[in-house]
Amino acid sequence: MDAAKDLVVGIADIKVGKSPDSIRTSLGSCIAVCLYDSERKIGGMLHLMLAHVPADVSDENVKKAKFADTGIPELIRQLNRTYGVKPSDVTAKIFGGAKVLKNVMHNIGYDNEVAVREILKQNGIRIMVARTGGDKGYNIRFELENGKVKCQVFGEEPKEY
Amino acid sequence: MAKRILVVDDAPIIRLMVKDILQYNGYEVCGEGANGKEAVEKYKELKPDLVTLDIIMPEMDGIEALKEILAYDSAARVVMVTAIDQRESLIKAIRIGATDYIVKPFENERVISAVKKALSES
Amino acid sequence: MSDKVKLSRAVELISKLSIDKASQVFSKLIKSGARIELEKAYVADISEATAKIAADNNEVVGVYVDIVGDIPLKFLFYVDVPGSLVLSDLIMRRAVGTTKQLDELAKSAVQEIGNILASAVSNVFAADFQVSIKPTPPIVVHDYLGTVFEEYLMEVAVDKDEIMIIESTFFVVKDNIKSFMFILPVHGSEKILNYIVDPAGGGK
């Protein structure tokens, strides 16, 4: 059996893996989309920054994982390419979307969540857990052994979802 | 009677430090402000003998507050206490009418000598 | 000389001057020797840079300062919580150990360090390169380091996948505290940085 990999995802990035790997990240206004195939114990995490690719930028020139509208399809594509997993095989858990900086007028985190929900729905993927919002950061660890996500919001006790 | 000083800075720690220095040297701190708007309001309310005034502050910066205080009272004594160590900023403040300009981090003695000079004490 | 090389030299020069000045001012503020342990300017992929930071995810007190003017920059200073308590005592000239919890005064200490160091960086530009830049009011945060760093990069990372980063680490020798300072040129600043180092050859 392969040694468990501890994968860390930065902003605008995707990591996929299989049991017993774990994938972790920390979040502010960004949202992490965790997709899991519970039968084959395979999963992936997308750490996205914003909801939509700006109108004046063509899709080819962006880091796909930066935006929900290009990132979610790209996560699905990587799971398919690496492990043969299809959208119908997975469910989703989403985290983050906080408003950490009080002086910023626009609630990017909220917009991100709205876009994520819409795009997952378009791809027929059910959201099992959504732990989002607030004004503090998130620390999450996605365990591919069982699909559970350990999530600790700053200042709160850690919880498992 | 002790001279009354209004201390204005957006950082509570700086207000506390300046207050400690002034009180230790026999001055009375009659009020505090956390931004330029409070500086002007409290100046009008308290009519202090002197104001210490930061430049970079939210709501209204120190240069705007300096202008408004001097428009209200052309004899106001205002000592700028700021981390901006730039010729342009210093000249602007002095031209508008600041009595002195102290750069952070400051030595306690610098604060006291600027206050004494502004209050025309020997 | 290619544009990329010119840019690197401009950023290297400016980063050295800024970091040197900031460390001097920091030492003066805390009345204790602060050694520069790290001083570098580099181009980083936004995902790799943030993954590296998120890997050791401590709790920190951080301060953001937007520097505005001719060469807009984004400034970040952060320190872990025990370090922030010590820095608060050093600034206040109190015995180290006096501040026992992260109260408003201790957060204010970190906020003011950010203000003073960001101002020091701005002052270098004004004095050495005759450009007009100054800081805006600092914003202090207490959160996971990964979160603090991610929010810091957000604006600059929106339309770029690789960003210029100026990074330094200050080590307060006597009290064994590490603190971290970052400067990011905001879009358009790189061209101007280019120009001010080599006005004859630079500027497009």
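User: Take two residues as in contact if their C-beta atoms, placed from the backbone, lie within 7 Å; of the two pairs of chains in contact, which share the most contacts?

Analyst: Chains A and C do. This is a predicted model, where local features need pLDDT of at least 70 and side-chain atom pairs count only at pLDDT 80 or more, while totals for chains, interfaces and linings use all residues. Residues are numbered from 1 along each chain as its sequence is written, and chains are lettered from A and ligands numbered from 1 in the order in which they are written.

User: How many residues does the contact take from chain C and from chain A?

Analyst: Chain C gives 23 residues and chain A gives 23 residues. On the chain C side, helix 2 (46-55), strand 5 (139-144) and helix 5 (145-157) each give two or more residues. Helices (H or I, at least four residues) and strands (E, at least two) are DSSP runs, numbered from the N terminus. Helix 2 of chain C has the largest share, eight residues.

User: And B with C, how many residues are in contact?

Analyst: There, 16 residues of chain B meet 21 residues of chain C. Helix 1 (residues 12-24) supplies the largest share of the chain B side, four residues.

User: How far apart are the nearest C-alpha atoms of chain A and chain B?

Analyst: They are 11 Å apart, and the two chains do not touch.

User: What share of chain C is buried?

Analyst: Buried residues make up 52% of its 204 residues. Buried means 20 or more other C-beta atoms within 10 Å of the residue's own, with C-beta atoms placed from the backbone.

User: Back to chain B: which residues of helix 5 are buried?

Analyst: In helix 5 (residues 108-118) of chain B, they are B:Val111, B:Ala114, B:Val115 and B:Ala118. They cover an arc of only 100° around the axis, which puts them on the same side of that helix; the arc is that of the directions from the helix axis to the C-beta atoms.

User: What do they pack against?

Analyst: The buried residues of helix 5 pack against helix 1, strand 3 (50-53), strand 4 (78-82) and strand 5 (100-103) of chain B.

Terms used: A residue is buried if 20 or more other C-beta atoms lie within 10 Å of its own, exposed if 12 or fewer, and partly exposed in between; C-beta atoms are placed from the backbone.
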